[in-house]
Amino acid sequence: MSAVRKVEVAGENGYSIEIGPGLLEDGARLSKPLRGRHALIVSDGNVAPLYLDSVETTLHAARPDLTLARFVMPAGEHEKTLARFGECLHALAALGATRDATVIALGGGVIGDLAGFAAACWMRGIDCVQLPTTLLAMVDSSVGGKTAVDLPSGKNLVGAFHPPRAVIADTAALRSLPERELRAGLAEVVKYGAIFDATFLDWLEAHADALLARDDDALAEAIARSCAYKAEVVARDPFERGDRAMLNFGHTFGHAIETEQGYAGTSGDGLNHGEAVAVGMVLAARLSAALGRASLADAERLQRLLQRLGLPTAIPPGLPPQALLARMRLDKKADAAGLRFVLWDRAGAARIVSGVPDQDVLAVLAA
Ligand code: NAD
Ligand code: ZN
């Protein structure tokens, strides 16, 4: 078995992220962060049949005194609702969860966000342990403490900052992940290289095939490096008041695509989040080049890497530039000065730029 990689998130509410194959079967590791005698495992209808029984059995064997309950909800972004959040709280009540109880999130980002928010609210905050099972959750949503549910009027509108007590990422769980979800997670992995470290882009170019083949060691290395970049920004800016917003590289364009197509990606047609971010990163890199901030060759290199990973890099048909621009104006990331983007200084180094003129954005959207 490969070595377990460990990344620490520094700070007052610091925690560790452990990454490696087989960790969901490691009872000592899974039970170590549990302080009290109660734990609620939250999962979804796809993940529960694959991993929940085994996690429960493993935890019981390691900690026979533990009272465990489960809350399994239907899978999908459209289930990340206040209603499901309420049901999760009722499950904590039924368990008799005390202040030292733990919510265990076993699933992708939807489960991590909802379970994390339930932990943030139950008795004004109890521990949450994240057991992410998608690549996106392992490299992004399980780390950093942002928790939320959606409202009909918008995504992630209700939530809290509530850092997890621990994150344990079992790379073996990625073997059952649908191909498209794996690729969507790889888009966020590429993002870290694009904004923080061009040598990570070299590494990704060299390991693209191994990642697509789900090689345990390549995946664990990509996850550990991604988490290390995220951990550093999160420790510097836990409440996203400053440069944590760098993590939104590709996301202003990406969200405009997602909202304009009506979040069709969550129902199968259209681009999903990672795919929209892949397109968005290429557009942000091209905008950086158009503004004379970075070279077009770097944008093209990024595009080639994303294509090798099976990700789209062009705006899907039927989304007019003017409509996308209008969406960006409504986005949280716009401000009075005009459109705000995370742009490249060069590949591997980005900065937040305000007041980007509409005509430059339109030119990139129309190209
Ligand atoms: P998801 O949780 O919907 O998971 C994707 C699909 O994969 C689901 O159908 C799920 O049931 C299935 N699945 C999960 N693990 C599996 C496995 N091991 N084998 C087989 N199937 C599996 O989506 P996601 O992409 O993981 O996360 C997206 C969510 O994360 C969004 O709601 C987004 O807002 C949120 N997010 C949060 C943050 C944050 O900082 N909190 C950051 C990024 C994204
Ligand atoms: Zn994202």
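**Exercise 1. Identify the buried residues of helix 12 (residues 321-330) and state what they pack against.**

Solution. Step 1: Apply the criterion for burial. A residue is buried under 20% relative accessible area, exposed over 50%, and partly exposed in between, with a 1.4 Å probe and protein chains only. In helix 12, the buried residues are Ala323, Leu324, Leu325 and Met328. Helices (H or I, at least four residues) and strands (E, at least two) are DSSP runs, numbered from the N terminus.

Step 2: Find the partners. The buried residues of helix 12 pack against helix 9 (251-260), strand 10 (339-346) and helix 13 (358-366). Contact here means heavy atoms within 4.5 Å.

A note on the source: this is a predicted model, in which local features need pLDDT of at least 70 and side-chain atom pairs count only at pLDDT 80 or more, while totals for chains, interfaces and linings use all residues. Residues are numbered from 1 along each chain as its sequence is written, chains are lettered from A and ligands numbered from 1 in the order in which they are written, and side-chain values use heavy atoms, with hydrogens and water left out.

**Exercise 2. Determine whether Ser226 is buried or exposed, and list the residues that it touches.**

Solution. Step 1: Locate the residue. Ser226 belongs to helix 8.

Step 2: Classify it. Ser226 counts as buried because its relative accessibility is 0%.

Step 3: List its contacts. Leaving aside residues up to four places away in sequence, Ser226 touches Val139, Val189, Tyr192 and Phe200.

**Exercise 3. Describe the salt bridge between Asp217 and Arg5 and the network that includes these residues.**

Solution. Step 1: Recall that a salt bridge is a side-chain nitrogen of Lys or Arg within 4 Å of a carboxyl oxygen of Asp or Glu. The structure holds 32 salt bridges.

Step 2: Examine the pair. The side chains of Asp217 and Arg5 meet at 3.4 Å, N to O. This pair links distant parts of the chain, since Asp217 lies in helix 8 (residues 216-236) and Arg5 in strand 1 (residues 5-9), 212 residues apart. Asp217 is partly exposed, at 37% relative accessible area.

Step 3: Extend the view. A network of salt bridges links Arg5, Asp217, Glu221 and Arg225.

**Exercise 4. Explain what the salt bridge between Glu56 and Arg70 ties together.**

Solution. Step 1: Give the distance. Glu56 and Arg70 form a salt bridge of 3.0 Å, N to O.

Step 2: Place the residues. Because Glu56 lies in helix 2 (residues 48-62) and Arg70 in strand 4 (residues 67-73), the pair ties together parts that are 14 residues apart in sequence.

Step 3: Classify both residues. Glu56 is buried at 17% relative accessible area, whereas Arg70 is partly exposed at 39%.
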